Protein chains: 2
Amino acid sequence: MLKKRLFTPGPTSVPEEVLLEMATPIMHHRTDEFIKIASEVLENLKYVFQTKNDVFIIASSGTGAMEASVVNLLSKGDKVVVISGGKFGERFKEIATAYQLEVIPIEPEWGKKLAPETVKDVLTKNKGVKAVFGTLCETSTGTHFDIKSIGEIVSQFEETVFVVDTISALGAVPCLTDEWKIDVVVTGSQKALMLPPGLSFISVSEKAWKKVEKSDLPKYYFDLKKYKKTLAKSDFPFTIPVSLVVGLKKSLEIIKSTGIEKIWEEHHKRAEATRQAAIAAGLKLFSESPSDAVTAILLPEGVEGDKLVKILRTKYGISVAGGQDKLKGKIIRISHLGWQDEFDVITAICAVGIGLKEMGIEIDIEKGISVARKYLFG
Amino acid sequence: MLKKRLFTPGPTSVPEEVLLEMATPIMHHRTDEFIKIASEVLENLKYVFQTKNDVFIIASSGTGAMEASVVNLLSKGDKVVVISGGKFGERFKEIATAYQLEVIPIEPEWGKKLAPETVKDVLTKNKGVKAVFGTLCETSTGTHFDIKSIGEIVSQFEETVFVVDTISALGAVPCLTDEWKIDVVVTGSQKALMLPPGLSFISVSEKAWKKVEKSDLPKYYFDLKKYKKTLAKSDFPFTIPVSLVVGLKKSLEIIKSTGIEKIWEEHHKRAEATRQAAIAAGLKLFSESPSDAVTAILLPEGVEGDKLVKILRTKYGISVAGGQDKLKGKIIRISHLGWQDEFDVITAICAVGIGLKEMGIEIDIEKGISVARKYLFG
């Protein structure tokens, strides 16, 4: 009888009506019925991406779409800039390195801000950079990057495209793809899109498509030219996970009927309430530029973070994420993504207080809950 | 009120209990609860693969696992043999070519048998071939290849590994991975495993793993070394489609409790009944070596196959597949994969007769049905 609640930054909870939609009989992917659904999904994705560009759906985790951005945009020996302020920024470096590209890293300390001008300096000093890779929300540290300002800068460099990993952020925080001049946006299904994992998405601007046409890196499954060929017919080059697409239709309907601005606002409210509560309770935030998608809370000295995560999960059914790599054991991360409401915030804060108390750490959780309650409900 | 029935060779029908299992609340992939499920799934996959080798799960369509076999086993400039007797054999050629490997094709005419000795001749004449790629059931033509004999031949060549695409066949027809000396077996979720599309699988022998360790082709998402690192903990390098894995647990339970030999036998019965019925009704089989996974029926001269497929689908809710590429319009393909029984065979045969009749083609469908009924029910 343990009720389970997901506060992990992916997978996130999926609305019951989406789960049930996916439990309807399997369709063949080349029937009129499915093509109609796919066509609606492809259109509604543009709304969530805030773009007029094509959005492609790939059957893979988000990392697959990250790799697709690298292998489709670049050519052998190309020079790229990777902004890496955490584990997922690192991943872009690793992928680019696997394809033997020349990587110029910009590496703000984990949890720290990046001054957008840094990107301008690097692009000015290093001629011929073909792409800049950034992250909207660095999930490992809960850090928001000023993608809007960086987009403005990159757009001034004619031969450089801007690629943004928005895996844990798209649909949760504003990402105005076209307005912010982001050429390629990459995301995944198991975050704010309120679906199980299994689909990734990538939007490609005209400027970026010119690079796709010239790219000579080897690829097959992730070759976007194949996806482009079938896109006009709302078809896919390889068998698409039909049940996930059927679920996506439903979740995009929920998002669209709510309105994306309203959804961003709700994520902001949940995140802000969590931040205020944590501080009021005597805890510290890890990031100096916290994202509204996920809040990273620095644990008091001496607290074993992994133990706290375990207590909350096994005893209370509450899944939060611990720290990764160099942050292992030092932080916990509470996601605000997707299918959550204000009461879930109160639950999460309450649970953290209970867990810490069991570990012998007293924080002022009453004050934390009170602050959140007032902020959320007035 | 149109009841829909899938006779397409993927996606196939998914049992209701598997659909509902996937509609239970989403789990995080790094919880004890999920790891226990993954561990059971990984073990039961070995049973279905009939192997002691590791089986890896990838979030992709079957083509992703095909690409994984190429990029993990081979190195720059390697020479490979591809047996290609249809659209999916072609795909291995395309992937190998995308990575600039030297491809020696063996190309039996579509629908024709391949004498295993041909492979021996080619390997003897061409020294230094690193891998032979084959297909257990060529879905585009409904053709079964004698993988057992080819496996015996390839195993005699020390530096050559044998890779088999069993995407539309594994779990439907015998595939004795270890006994037949197949080094790498590739398959997908949406066929005999009775799941929606979204997962692919690849098993790797020790002989093949040595090649993986030396491979220098660029890769990241499909890099099996990353999957190997997390396998012992039943974990995955990238977020796995948790709901599909939860469904897979259920479908593998069904397969295991039925017994794989029994399931092969049932597929054979359904396929044989379909073949006998088609012939009795006056139709011809396309393949001279028909697979028990899917039956390709040659349509009478002048019949537009795509029109027949459309009539059956829109008017009767029956999805069969048409022909692809050079077989477009000329054949229909009826799958026997997965969640089907004897009555489904009668339904499929009956539907073909009705569809053809509507198109003005009279076949002796009474005789077809009668032959099938007697064969199936005695």
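Let's start where the two chains touch: 100% of the interface residues of chain A are also interface residues in chain B, so the copies meet through the same surface. Keep in mind that you are looking at a predicted model.

How many residues does each chain bring to the contact? Chain A gives 44 residues, and chain B gives 44 residues. On the side of chain A that touches chain B, at least two residues come from each of the helices α1 (16-22), α3 (62-73), α4 (87-98) and α9 (242-258). That side of chain A is made up of 23 nonpolar, 16 polar and 5 charged residues.

Now for the symmetry. A rotation about an axis, together with a shift along it, relates two copies of a chain.

Next, have a look at strand β2 (residues 54-59) of chain A. Why is it described as largely enclosed by the rest of the structure? The reason is that 6 of the 6 residues of β2 in chain A are buried. In a regular strand, side chains alternate between the two faces of the sheet. In β2(A), A:D54, A:F56 and A:I58 point one way, while A:V55, A:I57 and A:A59 point the other way, and all are buried.

Finally, β2(A) has a partner: it pairs with strand β10 (residues 199-204) of chain A in the antiparallel sense, over 6 bridges.

Key
Residues numbered from 1 in each chain as written. Chains lettered and ligands numbered in written order. Predicted model: local features only at pLDDT ≥ 70, side-chain atom pairs only at ≥ 80, totals over all residues. Contact = placed C-beta atoms within 7 Å. Buried ≥ 20, exposed ≤ 12 C-beta atoms within 10 Å, placed from the backbone. Helix = DSSP H or I, 4+ residues; strand = E, 2+ residues; numbered from the N terminus. Pairing = 2+ DSSP bridges. Nonpolar A, V, L, I, M, F, W, Y, C, P; charged D, E, K, R; others polar.
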